[in-house]
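Before reading on, please look through the sequence and the model, which are shown here.

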Amino acid sequence: MPHILITGALGQIGRVLLQHLVDVHGKDAVLATDLPFDQSNLPCAYRSLDATDGEAWSKLAKEFRFKEVYHLVAVLSAKGEANPWRSWEINMKAWQNVIEHATHWPACKIFFPSSIAAYGPPLPSMVDEAQVLTPTTSYGVSKVAGELWADYANLKFGLDIRCLRLPGVIGYQTMPGGGTTDYAVDIFHQALKDEPFTCFLGPDTRLPMIYMDDLLRGILELMATPREVLAQAESGPSSAVYNLDGFSVSPAELFAEIKKHKPGFEIKYAPDFRQGIADDWPQELDGSKARKTWGWQPKYDLALTTSDMLKQLQSKKKVTTLQKQQHEQH
Ligand code: AKB
């Protein structure tokens, strides 16, 4: 019987986390949920779940006793601005359902991904968790509200919710969708196609990023930290929240690093509405609370992220080409 639940399991982080949890705990331990989907390629049990549907959650709550929940359902910053109310509705209703139904699962640990989108102007270039939160996107507002609900539920319902404020995530395994930091993944795919890249942010837009491998480790380390250790670091509102820092980079710096490996690569800049979102976000995340509390230490800097991304994407490309050739021969 599965005791680990992932919502939004088909997203950029979900698919990678799902595989990792299956590798560690076995396929019977994990239940993946997301919108209806052909599940044949997934490594564990899958259930279609509209995370905003309270009745579907009630059924789930009766059927399973989850010990860990990773709640990854979210409409991200850029997509959210196209329909702010819809984004609020999905982000908050899904989170309300997790909190409400988790009260049925004794000693269950819950992971809630917050974001750099929780921050807003005016900002120092490096922010810590004590920064006053003034988000300027619907997504950011839902992340701040989500964090506050996490505190409330921990206090009033005795839940154990743990939150990380995440930077943009760079990974070779999956594609992001609907975010303002998505360019930092797209640029690698374009570089490998040997085609010029058009960046929707300006060259000097510096934002915090993290490599997928570091992100997974950060989430799992946070979840493995005893509650008493986290409690010692907590005080006041949004206390169960930690910045997870990786490194900071601008499109121009990322381009220059990729160019070291792909000298012919070219970039053009065509900033769109996402520029305004990025301009309101911090340039650097201060991760010292996580470092002090459970010894967080990112391994991947810009150089290592870039070389590993290119290496991994290149070998994925080779495998796909080989599979295509084999398919054509049969
Ligand atoms: C986005 O760009 O919206 C996300 C985020 C930083 O939370 N990647």
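**Questions on the model**

Q: In which helix is the place of Trp 88?
A: This is a predicted model, in which local features need pLDDT of at least 70 and side-chain atom pairs count only at pLDDT 80 or more, while totals for chains, interfaces and linings use all residues. Residues are numbered from 1 along each chain as its sequence is written, and side-chain values use heavy atoms, with hydrogens and water left out. Helices (H or I, at least four residues) and strands (E, at least two) are DSSP runs numbered from the N terminus, and in this numbering the place of Trp 88 is in helix H4.

Q: Is Trp 88 buried, partly exposed or exposed?
A: A residue counts as buried under 20% relative accessible area, as exposed over 50% and as partly exposed in between, with a 1.4 Å probe and protein chains only. The relative accessible area of Trp 88 is 32%, so this residue is partly exposed.

Q: What is the area of the nonpolar surface patch that includes Trp 88?
A: Patches are made of residues with over 30% relative accessible area and no salt bridge, where like charges are joined within 9 Å and nonpolar side chains (Val, Leu, Ile, Met, Phe, Trp, Tyr) within 5 Å. A salt bridge means a side-chain nitrogen of Lys or Arg within 4 Å of a carboxyl oxygen of Asp or Glu, and accessible areas come from the Shrake-Rupley method with a 1.4 Å probe, only the protein chains shown counting as cover for residues. Trp 85, Trp 88 and Val 141 make the nonpolar patch, whose area is about 350 Å².

Q: Which residue with a positive phi follows H6?
A: Helix H6 is largely enclosed by the rest of the structure, because 8 of its 10 residues are buried; among them are Tyr 183, Ile 187 and Phe 188. In the loop between H6 (183–192) and strand S9 (197–199) there is a residue that counts as exposed, at 60% relative accessibility. With a phi near 60°, this residue after H6 is Asp 194.

Q: In what order do the strands of the open sheet stand?
A: Two strands pair if DSSP finds at least two bridges between them. S8 and S10 pair in the parallel sense over 3 bridges, whereas S10 (residues 207–211) and S12 pair in the antiparallel sense, also over 3 bridges. The pairing in this open sheet of 3 strands is therefore mixed, and the order is S8-S10-S12.

Q: Why is one side of S8 and of S12 left without a neighbour in the sheet?
A: Strands S8 (168–170) and S12 (247–249) stand at the edges of the sheet. One side of each is left without a neighbour because each has a single partner strand.

Q: Which residue of S12 is the bridge partner of Met 209?
A: S10 is mostly covered, with 5 of its 5 residues buried; Leu 207, Met 209 and Tyr 211 point one way, and Pro 208 and Ile 210 the other way. In S12, the bridge partner of Pro 208 is Ser 248, while that of Met 209 is Phe 247.

Q: At what angle does helix H7 run to S10?
A: Axes are lines fitted to C-alpha atoms, for helices over the stretch in contact, and angles run from 0 to 180 degrees between N-to-C directions. Helix H7 (residues 212–224) lies across S8 and S10, and its angle to S10 is about 80°.

Conventions: Contact means heavy atoms within 4.5 Å.
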